[in-house]
Amino acid sequence: MALLRIIHKCNQDCVFCSYPGKNAKNKKYDFNGFCREIKSSKDKLIQISGGEPFLLGGIHLLKLVLFAVKRDKKIEIQTNASLVKDIPLDILKKLVKAVNLSGGYFNVNLSAADAVMDAKVSGVKNIFADKIKGVKLLLELGADIRLTYIICRLNYKQAPVFVEFIIKEFPRIRWLQFSFVKAMGKALTKKIVPKYRTVSKYIIEASELCVKSKIKCEIDHIPLCMLGAYYRLNVDIGKIALNKSGLHRKEKIHLKRCLKCKYVNICSGPRKDYLKIYGDI
Ligand code: SF4
């Protein structure tokens with residue numbers, strides 16, 4: 001996949017943000033440059049990210065997506081969805097249609113089940129309601145959405161409650177991902193990164209709720225041995241089976257104990273940055 005960071009600003013200040021270029025100065029939006037990247041990429045999937053892509057306005061985003069669609073790319077737009085409501089409806093409709101045409105989806109970072117937790121993890125007060133509005137609007141327009149819940153020390157206990165919230169609030173959402181925080185940038189601290197063993201039971205409970213409700217649930221960056229009966233939800237299994245190269249290989253490593261583990265051939269091991277903090281799983 002190719003990752004295009006089309007804007008370096010964000011309207012949030014998430015505790016787990018690992019993007020070093022955020023708020024970089026003198027970086028102008030370079031439409032032609034991004035088009036060249038899309039054209040030269042051999043990957044089918046183009047991830048359009050930021051910062052927050054919707055800060056750029058709907059027209060720029062639409063033009064770029066249309067360019068990629070014409071080149072037979074699949075689009076993923078990574079967003080917190082809080083600004084979706086501000087995009088003119090006719091532009092938003094065209095954007096959703098174009099993303100659908102590509103077989104793509106909106107990847108919405110929503111890592112809280114209520115406004116209080118959302119303010120803690122996103123670093124911004126009173127933005128939760130706008131995100132909920134944004135997700136609902138995208139759903140109404142027929143968008144395919146993956147909700148991504150970044151698991152950190154502040155919100156891991158809320159993971160099962162989050163699934164219950166989603167079932168009630170967005171009955172049309174059929175796809176969730178639980179992604180363990182990367183110990184990078186300002187998140188390189190035990191204050192943000194919990195132990196795998198501490199979060200394990202909450203993620204297992206959340207997975208169980210998803211499976212019972214027939215919601216597709218994926219888990220990233222938590223080793224299989226921490227996922228109980230739901231180890232198959234770890235996304236690395238598919239990547240390893242397809243022998244894909246990628247970050248799952250570069251960012252993770254097997255430990256000595258992994259050599260004796262029954263999952264060793266389908267697990268990438270813990271993240272290296274996690275080991276910098278804890279040394280072991
Ligand atoms: S290979 Fe290592 S990290 Fe993966 S499940 Fe086994 S013990 Fe855990």
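Biologist: At roughly what angle do the axes of helix α6 and helix α7 cross?

Modeller: In this predicted model, helix α6 covers residues 159-169 and helix α7 covers residues 196-212. Their axes come within 7 Å of each other. The angle at which they cross is roughly 20°.

Biologist: Are α6 and α7 roughly parallel or roughly antiparallel?

Modeller: The axes of α6 and α7 cross at roughly 20°. Angles under 35 degrees count as roughly parallel. The two helices are therefore roughly parallel.

Biologist: How many nonpolar residues does the contact of α6 with α7 have?

Modeller: On the α6 side stand A159, P160, F162, V163 and E164, and they meet Y202, I203, E205, A206, L209 and C210 in α7. By class, two residues of this contact are charged and no residue is polar, while the nonpolar residues number nine.

Biologist: Is the crossing of α1 and α2 right-handed or left-handed?

Modeller: Helix α1 (residues 31-40) and helix α2 (residues 58-70) have axes that come within 10 Å and cross at roughly 25°. The two helices are therefore roughly parallel to each other. As for its hand, the crossing of α1 and α2 is right-handed.

Biologist: Which residue in β4 stands opposite I77?

Modeller: Strands of a sheet pair through backbone hydrogen bonds. Strand β3 (residues 74-79) pairs with strand β4 (residues 105-109) in the parallel sense, over four bridges. Opposite I77, the residue in β4 is F106.

Biologist: Which residues come nearest to the ligand?

Modeller: There are 14 residues around the ligand. The residues of this shell divide into eleven nonpolar, two polar and one charged. Those that come nearest are P223, C225, C258, C261 and C267.

How values were computed: Residues are numbered from 1 along each chain as its sequence is written. This is a predicted model: local features need pLDDT of at least 70, side-chain atom pairs count only at pLDDT 80 or more; totals for chains, interfaces and linings use all residues. Axes are lines fitted to C-alpha atoms, for helices over the stretch in contact, and angles run from 0 to 180 degrees between N-to-C directions. Angles under 35 degrees count as roughly parallel, over 145 as roughly antiparallel, 65 to 115 as roughly perpendicular and the rest as oblique. A crossing is left-handed if the near helix is turned anticlockwise from the far one by less than a right angle, and right-handed if clockwise. A residue is near a molecule or strand if its C-beta atom, placed from the backbone, lies within 6 Å of it. Ala, Val, Leu, Ile, Met, Phe, Trp, Tyr, Cys and Pro count as nonpolar, Asp, Glu, Lys and Arg as charged, and the others, Gly among them, as polar. Two strands pair if DSSP finds at least two bridges between them. Two residues are in contact if their C-beta atoms, placed from the backbone, lie within 7 Å.
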